[in-house]
Amino acid sequence: MSLLSYLAGRRETQLKHFVLLCTLSLLGMFVLALTQLLASEAILTWLITLLSSLLVVVLPWLIGRYRAQQVLLATAGWDRAERLQLEIDQERLRERSRIAEDMHDSVGHELSLIALRAAALELDPSLPEQHRRAAGELRESAATATERLGEIVGVLRDQEASTRPHDETVRALVDRAAASGLSVQLTERVDDALAPMVDRAVHRVVQESLTNASKHAPGATVTVSITKRNNHVYVDINDTGATKPVLAPSGGRGLDGLRERVRLAGGSLSAAPRPDGGFQVTATMPCAGGRPEPLTAAAERATVRRSARRGLITAIAAPVLLGGLIGAVALGYYLLAGYSAILRPAEYDRISIGQPEEEVAKVLPRMQMIDAPAEGYTPPAGWSCHYYRPAPPFTSNYVYRLCFANGALVAKTVVQSGSVPPTPEGNR
């Protein structure tokens, strides 16, 4: 059983199978003890067997588990290194995606403002036709440059969006767009600060919407509304549409990036043309939105260490507590049986050979000794011998032996129970 227990721990077999095997084995030994011994002796024998099994079965299994963990740690080093390298590569890709999105949002917005200024010059009647035509070509070049920028950076969807708030407020963003010639009005009803990720998402939604309005709807009036209600922030951007047809290519990457950013903040975004003309972008996000930052490598290692420490403590504490419980139960039962098998010397002296067994039974204690001395005594055929203590356990070095045959007491003897001969009192 010790070898099988060690192999079970060494080969990482499931714990429930091992526990089931031990339980069935101990149950079988208990049944065997009941069939071979008296009930009082069987209980103590089984408790001692169970306590010994902790050393014979559980301890080898723990050693096997420890050895298996050593082997796993030795072989997992390269796996850990490969995983770290993979995480580094993924982090590099995420950082590149983050840089690409910032380039699209920031540089693209500035190019759109250049196109907006050029459109204003194109529509200015005080300028000569040649200058207005050059301004129109500048507007088209800015729009083309914006499109090329989107193709170059290849805006990737951000899986680990940063939670850092943008340095520029929405009010400053709208004021700068208005200074560039865009007709824009802002209504902001937000009492306190938003969560960092939500604040950044609101800024990006307004920024991208103003960029699209300046590129696709020059001359339009844009209204921006930011309202906080019921622990949610609502962003609504509407434009009245272009004053004249504009051919501005669009890949839709900006709106896709916005949807992903709003989704990461725990909200939703919709963008569609208005029935009466123009375009509308709406976003809804919880004020405390966002998701927690992923665990760092140090935090991950600390979590793994805590888990391993708890598992080790559990593996050691469970057998110790179980052994202590079984030992306490065995000791308690031994003391109970010992105090229930006391035959006082005075009562022993009143018993005489030849008395009927029924009369002797009236003065005998309710239990016999469960740990009778191994003196090698073999009673004659037909005799039944019982052993009793003259005092509580651990306080005497002799016991009484009473033998019955044919319903009468046939022998009473003082028996040495230890290495020290019986006291004079026991020799009476």
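Author: A definition comes first: a residue is called buried when its relative accessible area is under 20%, and exposed when that area is over 50%. The model is predicted.

Reader: Which residues of helix 1 are buried, and why do they line one face of the helix?

Author: Helix 1 covers residues 2–10, and its buried residues are S5, A8 and G9. An α-helix has 3.6 residues a turn, so residues three or four places apart point the same way. Seen down the axis of helix 1, the buried residues line one face because they fall within an arc of 95°.

Reader: Which exposed residues does helix 1 carry on the face turned away from its buried side?

Author: The buried side of helix 1 holds S5, A8 and G9. On the face turned away from that side, the exposed residues are L3 and L4.

Reader: What is the order of the strands in the open sheet, and which are the edge strands?

Author: The open sheet has five strands with mixed pairing, in the order 1-2-3-5-4. An edge strand pairs on one side only, which holds for strand 1 (183–189) and strand 4 (268–273).

Reader: How many bridges join strand 2 to strand 3?

Author: Strand 2 spans residues 221–229 and strand 3 spans residues 232–239. S225 stands opposite D236 in strand 3. The two strands run antiparallel, and the number of bridges joining them is eight.

Reader: At what angle does helix 6 run to strand 3?

Author: Helix 6 (residues 196–216) lies across strand 1, strand 2, strand 3, strand 4 and strand 5 (279–286). Its angle to strand 3 is about 5°.

Definitions and conventions. Residues are numbered from 1 along each chain as its sequence is written. This is a predicted model: local features need pLDDT of at least 70, side-chain atom pairs count only at pLDDT 80 or more; totals for chains, interfaces and linings use all residues. Side-chain values use heavy atoms; hydrogens and water are left out. Buried means under 20% relative accessible area, exposed over 50%, partly exposed in between (1.4 Å probe, protein chains only). Helices (H or I, at least four residues) and strands (E, at least two) are DSSP runs, numbered from the N terminus. The arc is that of the directions from the helix axis to the C-beta atoms. Two strands pair if DSSP finds at least two bridges between them. Contact means heavy atoms within 4.5 Å. Axes are lines fitted to C-alpha atoms, for helices over the stretch in contact, and angles run from 0 to 180 degrees between N-to-C directions.
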